[in-house]
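Welcome! Take a moment to turn the model around on your screen before reading on. We will visit a few of its features one by one.

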Amino acid sequence: MSEQHETVWNKCIQTIKDNVNPQSFKTWFIPIKPMKLEEKVLTIQVPSQFFYEWLEEHYVALLKKTLEKELGAGSKLEYNVIVDNTGAGTSRPYTVNMPTRNVTHNNKNEMGMPINLSNNIRNPFIIPGLKKLNIDSQLNPSYTFDNFIEGECNRLARSAGYAVANKPGGTAFNPLMIFGGVGLGKTHLVHAIGNRIKEISNTKSVLYVPSERFINQYVDSAKNGNYNDFLHFYQMIDVLIVDDVQFLAKKEKTQEIFFQIFNCLHQNGKQLILTSDRAPKDLKDVDERLLSRFKWGLSADLQNPDFDTRVSILEQKMYQDGIKFAPEVIEYVANKVDNNIRELEGALISLIAQASLNRKEIDLDMTKKMMKNFVKNSSREISIEFIQKLVSDYFSVSVDLMKSKTRKREIVQARQISMFFAKQLTQASLKNIGMYFGGRDHSTVIHACQTVNDLIDTDKKFKSDVDELTKRIKINTY
Ligand code: ADP
Ligand code: MG
């Protein structure tokens, strides 16, 4: 009697086997374990939430028919989902009732599933069924090849990127590793590659992820017991773009999982695109095995832009903003800022702000004054209080609240942006900055800066807030 569920399931499995292709059968049906049979309800155990959702999405009709064939009308299937609490070493099975989908979804919520990865970043685990086309690529459409100015400084990286974009997984550049200092265009270039791939082929699933977010997702998945979903999800991507892999340093667990994902994708001819602020050989505290993988394909660096490229970049940005400055103004700016394209843009934004504030043409004299100030700003003479006050006015969040312990979203955001500017524009140490925000420690400040950088790259509204604040800071310190 006790073996009856097995007998029934074995019969079901025979039918199923004839109806799905061998690979799917192996992947989705072999791991299923029959648990019990009560009345006409067969309970089967599946390894994860992801698994259950996949079955429900793709095989529900087949399962239903098969079961009815064995047990007659009114038969039911119940799932026992193993919740894999990685680290905790326990598994909490829970049950979902297949034919009553509503209940199923309620259950999921009660279990805190599916995963909510991080507060303000859109969850890419948009499972059910994981239709590849539905994956949000997290690409910023405004970063394209068209507006990525070519110069000596980026020729190799750009053309390798272009080749990869036209044939993802099909060139020797796998992985493609783009490295170079801050503000030299790494993020822009990898988004351009991703956008081009999507443009050419709508069927490819492309995902852009800053490594910091990857780390958080992994940590959350381990905590919430949906580590398998995390792994499965990443192993199904066709083109995986991981930005700023230097942040994986010292994160051994995350490196391990990334290694696994890397291998799986690479073996299956999927494309990996990585960026780093330094050459692979200079990455510290990254596992040798992973480092050697990074070196498999092509590493191409972005160098400081030469003068002509700087001028072209400024001209393009002016064109985009519908603004024109005299050539000597442009040359002057291009001469002053020579090692960071983000700062070059910042200088231009300040000029545009000045122009609109004074309602007059910007001439060379004004530019010189402004640039003196700009350089002064970046040589850090603004106070933290000033930044706090300005950000507090902008978001209508009091400075006291910023210093308090509250974790309300708007306040956290104002706090993080203030920390970010404090780090950028003052000489205060991380510890010191933390002191100004209610005695937080240095790691909180680092985290804030990373979060802000991350959001600038991925969230348009957020970026425009930061740009506007940059403008205001520059104007106010003029
Ligand atoms: P990184 O990721 O290397 O720190 P980003 O990709 O964020 O740098 O680039 C900083 C800014 O400079 C972005 O606004 C980007 O659009 C711009 N930029 C960088 N390189 C170029 C380029 N070759 N042409 C046009 N804009 C560029
Ligand atoms: Mg970047």
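Let's begin with a pair of helices: helix 15 passes helix 17 in a right-handed crossing. Keep in mind that this is a predicted model. Two packed helices are described by the angle between their axes and the distance between the axes. Here helix 15 covers residues 384-395 and helix 17 covers residues 409-425, and their axes cross at roughly 145° and come within 9 Å.

Which residues of helix 15 and helix 17 meet? Helix 15 brings I384, I387, Q388, V391 and F395 to the meeting. From helix 17 come Q413, A414, I417, S418, F421, A422 and L425. Sorted by class, the contact between helix 15 and helix 17 has nine nonpolar residues, three polar ones and no charged ones.

Now find a second pair, helix 7 (residues 211-224) and helix 8 (residues 227-235), whose axes lie 8 Å apart at an angle of about 145°. The crossing of helix 7 and helix 8 is left-handed. In helix 7, the residues that take part are F214, Q217, Y218 and S221, and they meet Y227, F230 and Y234 in helix 8. By class, this contact of helix 7 with helix 8 has five nonpolar residues, two polar residues and no charged residues.

**The chain as a whole**

How many helices and strands does the chain have? There are 20 helices and nine strands. The chain has 478 residues, of which 51% count as buried. Among contacts in the chain with a separation of 6 or more, 72% are between residues 24 or more positions apart.

In soluble globular proteins, nonpolar side chains tend to be buried together. In this model, the largest nonpolar core has 32 residues, and Y234, L240, F258, I261 and F294 touch the most other members. Several elements each supply at least two residues of this core, including helix 7, helix 8, strand 7 (239-243) and helix 10 (288-294). Which helix gives the most to this core? That is helix 9, with six residues.

Look closely at I261, one of the residues that touch the most other core members. Leaving aside residues up to four places away in sequence, I261 touches F214, F230, L231, Y234, Q235 and L240. A second, separate core has 28 residues, and I384, I387, V391 and V452 are among them.

| Residue | Relative accessible area | Class |
|---|---|---|
| S75 | 12% | buried |
| Q45 | 14% | buried |
| D285 | 46% | partly exposed |
| E39 | 79% | exposed |

Why does Q45 count as buried? Its relative accessibility is 14%, and buried means under 20%. Q45 lies in strand 2 (residues 41-46). Not counting residues up to four places away in sequence, Q45 touches P31, I32, K33, M35, N80 and I82. Of these, N80 is worth a look: Q45 and N80 are 35 residues apart in sequence, and their C-alpha atoms are 4.4 Å apart in space.

S75 sits in the loop between helix 3 (49-71) and strand 3 (76-85). The side chain of S75 reaches the backbone oxygen of G72 at 3.1 Å. Beyond residues up to four places away in sequence, S75 touches K40, L67 and E68.

**Backbone details**

The other two residues in the table have backbone angles to look at. E39 is not a glycine, yet its phi is positive, about 50°. You will find E39 in the loop between strand 1 (33-38) and strand 2. D285, also a residue other than glycine, has a positive phi near 55°, and it lies in the loop between strand 8 and helix 10.

Where is the cis peptide bond that has an omega of about 5°? This bond joins N174 and P175. P175 belongs to the loop between helix 5 (155-166) and strand 5.

Methods:
Residues are numbered from 1 along each chain as its sequence is written. Chains are lettered from A and ligands numbered from 1 in the order in which they are written. This is a predicted model: local features need pLDDT of at least 70, side-chain atom pairs count only at pLDDT 80 or more; totals for chains, interfaces and linings use all residues. Side-chain values use heavy atoms; hydrogens and water are left out. Axes are lines fitted to C-alpha atoms, for helices over the stretch in contact, and angles run from 0 to 180 degrees between N-to-C directions. Helices (H or I, at least four residues) and strands (E, at least two) are DSSP runs, numbered from the N terminus. A crossing is left-handed if the near helix is turned anticlockwise from the far one by less than a right angle, and right-handed if clockwise. Contact means heavy atoms within 4.5 Å. Ala, Val, Leu, Ile, Met, Phe, Trp, Tyr, Cys and Pro count as nonpolar, Asp, Glu, Lys and Arg as charged, and the others, Gly among them, as polar. Buried means under 20% relative accessible area, exposed over 50%, partly exposed in between (1.4 Å probe, protein chains only). A nonpolar core is a set of buried Ala, Val, Leu, Ile, Met, Phe, Trp, Tyr and Cys residues joined through side-chain atoms within 4.5 Å. A polar contact is a pair of N or O atoms within 3.5 Å; within protein, one must be able to donate a hydrogen and the other to accept it, and residues adjacent in sequence count only if both atoms are side-chain atoms.
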